[in-house]
Amino acid sequence: MYSTLARIEEQLADIELANLRRTYTATRPKFLERAIAIEAIPEFWATVIDEAPAEIDQRIQPRDVPALNCLIGIDVERFQVLDAEQGEPRSIKLTFYFRKNQWFHDEKIEKSFFWRMSKNGWSGLVSDPVRIRWKERDLTDGLLDMTVNLWEKEQNLEVNGQARASIEATDEYIGLVKRVQQTPQDAISIFGLFGFRGHQISAEESTEAMKRKQGMVDGPEEWEELDDETPPLPDPEIYPYGEEVAVAFSEDLYPGATQYFTAGKERDAKISDDEPASETDGAEETNGEREERFQHEQRPNKKIRRSA
């Protein structure tokens with residue numbers, strides 16, 4: 001009985017994956033065409049981010065707002081899809097394009113998230129940290145650089161055959177663990193997303209786990225041994241909600257960008273109709289003034305407020 005149910009669930013999951021793969025390959029050219037059309041619309045992505053779903057909106061800090069207002073493009077690529085019939089469609093690459101700004105040198109920042117399965121049956125997204133070349137102010141208050149430094153240290157130690165215990169004894173590891181413990185999770189910049197790592201599951205372990213699971217669908221005894229509950233993230237993880245935010249970008253905000261933009265423009269028009277003219281109407285607001293105003297506004301679930 002259990003083996004039959006497990007087999008049906010596995011087949012349903014396979015159908016969903018096949019549909020996702022075919023949908024992506026069919027719609028990808030149109031999304032690229034949409035990106036060209038968006039280039040002619042001022043503040044398109046700033047407006048979209050302003051209307052972002054809760055998974056993204058609640059992670060945006062007031063200090064992030066001016067930098068996010070410099071967004072000129074977002075792209076989502078399911079980079080492991082080879083064609084309509086082959087490839088892993090759950091792995092995603094997020095690419096953010098910015099105009100020149102005062103916060104970082106990068107005009108293009110991208111991050112890849114790999115879908116993996118552990119030998120214990122858990123599955124989800126994992127990633128390597130990506131460094132941002134900050135200018136005056138590091139919006140993550142040093143957490144991102146510390147994460148990248150630790151990751152680079154790990155690569156060097158692993159190349160030399162060092163054990164995990166050697167990594168945990170490094171200054172980079174000890175320092176980052178301490179900083180993470182001292183930093184409230186709800187105070188971390190959304191740019192901490194680029195430091196998300198998730199569970200450290202290798203491609204080799206994931207491949208073996210998938211083969212093992214594929215062989216289990218016919219045997220309930222082994223199937224019941226799998227534990228697909230989400231285990232705690234390994235220390236030190238600076239952005240524990242990284243998968244949630246990445247999925248929200250790829251499955252909600254990006255495909256629904258036009259709808260979010262329309263909703264934002266309608267909201268702005270309503271606010272403009274409802275609010276009386278003030279002495280400051282028509283004056284351009286500086287980034288500092290805008291951030292200060294955002295910090296004092298008491299509107300729920302919306303940290304971004306663009307200038308008129």
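Contact here means that heavy atoms lie within 4.5 Å of each other. The model is a predicted one, where local features need pLDDT of at least 70 and side-chain atom pairs count only at pLDDT 80 or more, while totals for chains, interfaces and linings use all residues. Residues are numbered from 1 along each chain as its sequence is written, and side-chain values use heavy atoms, with hydrogens and water left out.

View 1. Welcome to the structure! Among contacts between residues at least 6 apart in sequence, 71% join residues at least 24 apart. Helices (H or I, at least four residues) and strands (E, at least two) are DSSP runs, numbered from the N terminus. Of the 308 residues in the chain, 42% are buried. For the views below, buried means under 20% relative accessible area, exposed means over 50%, and partly exposed is in between, using a 1.4 Å probe and protein chains only. The chain exposes about 17000 Å², and carbon and sulfur atoms supply 49% of that area. Accessible areas come from the Shrake-Rupley method with a 1.4 Å probe; for residues, only the protein chains shown count as cover.

**View 2. An open sheet of 4 strands in the order S1-S4-S5-S6.** The pairing in this sheet is antiparallel, and two strands count as paired if DSSP finds at least two bridges between them. Strand S1 (71–77) and strand S6 (123–127) are at the edges with a single partner strand each, so one side of each has no neighbour in the sheet. From one strand to the next, the twist averages 20°. As background, strands of a sheet pair through backbone hydrogen bonds, either parallel or antiparallel.

**View 3. Strands S4 and S5 side by side, with helix H10 across the sheet.** Strand S4 (residues 92–98) pairs with strand S5 (residues 108–117) in the antiparallel sense over 6 bridges. Helix H10 (residues 242–253) lies across S1, S4, S5 and S6, and runs at about 80° to S4. Axes are lines fitted to C-alpha atoms, for helices over the stretch in contact, and angles run from 0 to 180 degrees between N-to-C directions.

**View 4. Asp-75 in strand S1.** Asp-75 is buried, with a relative accessible area of 13%. Its side chain and that of Arg-28 are joined by a polar contact of 2.8 Å. A polar contact is a pair of N or O atoms within 3.5 Å; within protein, one must be able to donate a hydrogen and the other to accept it, and residues adjacent in sequence count only if both atoms are side-chain atoms. Not counting residues up to four places away in sequence, Asp-75 touches Arg-28, Lys-93, Leu-94, Thr-95, Tyr-97 and Tyr-254.

**View 5. A salt bridge between Lys-93 and Glu-77.** The term salt bridge is used for a side-chain nitrogen of Lys or Arg within 4 Å of a carboxyl oxygen of Asp or Glu. Here the N to O distance is 3.6 Å. Lys-93 belongs to strand S4 and Glu-77 to strand S1, so the pair ties together parts that are 16 residues apart in sequence. Lys-93 counts as buried at 18% relative accessibility, whereas Glu-77 counts as partly exposed at 25%.

**View 6. Glu-33 and Lys-30 in helix H1.** A search of the whole structure finds 15 salt bridges, and one of them joins Glu-33 to Lys-30, with the closest N and O atoms 3.2 Å apart. Both residues lie in helix H1 (residues 2–38), 3 residues apart, which is about one turn of the helix. Glu-33 is partly exposed at 47% relative accessibility, and Lys-30 is exposed at 56%.

**View 7. Arg-267 and Asp-268 in a salt-bridge network.** The closest N and O atoms of this pair are 3.6 Å apart. Salt bridges that share partners join Asp-50, Glu-51, Arg-267 and Asp-268 into one network. Arg-267 is partly exposed at 22% relative accessible area, as is Asp-268 at 27%.

**View 8. Pro-129 in the loop between S6 and helix H5 (143–159).** Pro-129 counts as buried, at 7% relative accessibility. Pro-129 and Val-148 are 19 residues apart in sequence, and their C-alpha atoms are 5.6 Å apart in space. Beyond neighbours within four places in sequence, the residues in contact with Pro-129 include Lys-111, Trp-151 and Phe-194.
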